[in-house]
Amino acid sequence: MENSQKLDLKTKLAYGAGDLGPAITANISIFFLLIFFTNVAGIPAGLAGSVLMIGKIWDAVNDPFVGVLTDKTKSRRWGRRLPWMLYGAIPFGIFFFLQWIVPRFSSDQGSNVWALFWYYVVIGLISQVFYTVVNLPYTALTPELTQDYDERTSLNSFRFAFSIGGSILSLILSKVVLSLISDRQQQYIVLAAICTVISVISLYWCVFGVRDRVLAFEAKRIQIEESDSIPFFEQLKIVFSNRPFLFVIGIYLFSWLGVQITASIIPYFVINCMSLPESDVPTTMIAVQGTALLMLFVWTALSKKIGKKLVYFSGMSLWIIAAAGLFFLQPGQISLMYVMAIMAGVGVSTAYLVPWSMIPDVIELDELQTGQRREGIFYGFMVLLQKFGLAFGLFLVGNALQASGFKEAVAGQTTLPIQPESALFAIRIAVGPLPTICLIFGLVLTYFYPITREMHAEILLKLKERHKQRETHQE
């Protein structure tokens with residue numbers, strides 16, 4: 001079942017565009033949702049972190065089931081994955097937007113905080129469902145578009161170019177909006193509205209741009225795939241008995257946890273530890289994400305020569321040095337802060353690229369062992385872990401801030417409260433030592449990851465032979 005024909009630029013661009021919407025919305029949430037809850041809605045930091053954690057517990061059920069459902073979806077016109085993206089795009093945009101409204105439920109501050117808490121929990125739960133509905137089928141498209149080992153790394157570089165490009169775009173938009181609009185609540189409503197429109201349009205670009213290639217793959221898959229389906233819990237058993245997959249999810253979880261903790265604490269670090277204005281937060285983020293975007297293409301080229309493992313080791317080592325440096329940074333050392341942000345960006349790009357380019361290799365091994373292609377369930381667990389990493393990171397940061405005496409703003413307040421030394425120290429711990437520990441665990445797992453380029457070539461050869469035998473048998 002080979003798509004041996006090389007992907008053209010138009011298809012790669014359309015595929016990449018599919019990650020623009022989820023990336024813009026996810027990055028705005030990662031960078032600003034926690035600080036929006038504490039500094040605009042006036043929710044205590046621990047409670048704010050809990051809002052996101054509750055959403056991710058639901059996702060633990062939500063993601064794998066959507067993955068299995070996409071594997072079972074049948075549509076002659078759109079294939080297995082694309083109907084989910086087509087019909088989910090608009091609701092995805094609407095519920096993302098509703099997260100950035102601050103409704104007034106009561107004049108009493110205490111009861112209003114709890115009403116807001118439950119409002120954000122409910123909207124967050126629905127928003128996460130639609131994020132899964134559009135993003136999980138999208139991630140499962142990679143192995144359907146090409147079966148070539150290096151072409152997949154190239155395809156993922158387009159995907160993450162749009163992903164990181166979306167992040168940079170969202171940060172530039174936030175920089176402009178924060179500068180032009182003085183009212184804090186109004187800033188986030190305008191920003192969310194712009195991001196919503198871009199997100200929905202980019203998802204439709206992807207659906208219509210990759211449709212022909214996906215349907216060609218589907219036609220071949222239907223011809224040769226065995227009709228017997230494996231029950232859901234049996235699928236879980238097979239997924240977790242796939243040893244390389246366990247390595248990939250471990251590498252991804254630790255890498256992404258490092259990304260999420262850093263991203264969620266950086267706004268607090270810039271404002272409180274570096275004594276810079278709120279409008280400087282996007283500039284710092286752009287230094288990280290801009291570097292990550294440029295390095296994606298460097299790492300993609302290098303991975304063909306030196307392999308995925310060495311690329312991951314190189315990037316992560318620089319990020320660890322940067323994280324250690326940020327811990328000791330003092331107000332006034334602005335140039336040094338940007339140098340470290342650039343170094344971190346070099347590592348962030350490998351956290352995006354390497355685990356996602358490993359997953360299709362794992363799916364091929366699974367097909368060799370089971371005779372079925374079940375991208376949905378594998379990608380379901382990957383997306384689940386991405387969200388768990390985000391939730392756990394925000395929950396950890398939120399509760400650490402609250403335990404350290406961090407003072408949240410009162411809703412409608414124009415000036416931010418001065419933070420105690422204990423809160424500033426907690427912010428420094430979260431920006432340096434915490435991500436470093438996660439990244440070291442990721443490095444250890446990458447060292448022992450078993451699928452090499454040679455092993456993958458052997459898997460593909462065996463699959464090709466099996467497909468030829470089936471086709472001969474059918475004739």
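**Entry 1: Asp280 and Lys175.** I looked up aspartate 280 and found a salt bridge to lysine 175, with the closest N and O atoms 3.9 Å apart. My criterion for a salt bridge is a side-chain nitrogen of Lys or Arg within 4 Å of a carboxyl oxygen of Asp or Glu. Aspartate 280 sits in the loop between α10 (243-273) and α11 (281-306), and lysine 175 in helix α7 (residues 149-180), so the pair ties together parts 105 residues apart in sequence. I take helices (H or I, at least four residues) as DSSP runs, numbered from the N terminus. Lysine 175 counts as partly exposed because its relative accessibility is 25%. Here buried means under 20% relative accessible area, exposed over 50%, and partly exposed in between (1.4 Å probe, protein chains only).

**Source note.** I am working on a predicted model: local features need pLDDT of at least 70, side-chain atom pairs count only at pLDDT 80 or more, and totals for chains, interfaces and linings use all residues. Residues are numbered from 1 along each chain as its sequence is written, and side-chain values use heavy atoms, with hydrogens and water left out.

**Entry 2: Lys308 and Asp361.** Next I checked lysine 308. Its salt bridge goes to aspartate 361, with 3.1 Å between the closest N and O atoms. Lysine 308 lies in helix α12 (residues 308-328) and aspartate 361 in helix α13 (residues 334-370), so this pair ties together parts 53 residues apart in sequence. Both lysine 308 and aspartate 361 are buried.

**Entry 3: Glu458 and Lys462.** I then found glutamate 458 in a salt bridge with lysine 462, the closest N and O atoms being 3.4 Å apart. Both lie in helix α17 (residues 453-474), 4 residues apart, about one turn of the helix. Glutamate 458 is partly exposed at 45% relative accessibility, and lysine 462 is partly exposed at 40%.

**Tally.** I noted 4 salt bridges in the structure.

How values were computed
Helices (H or I, at least four residues) and strands (E, at least two) are DSSP runs, numbered from the N terminus.
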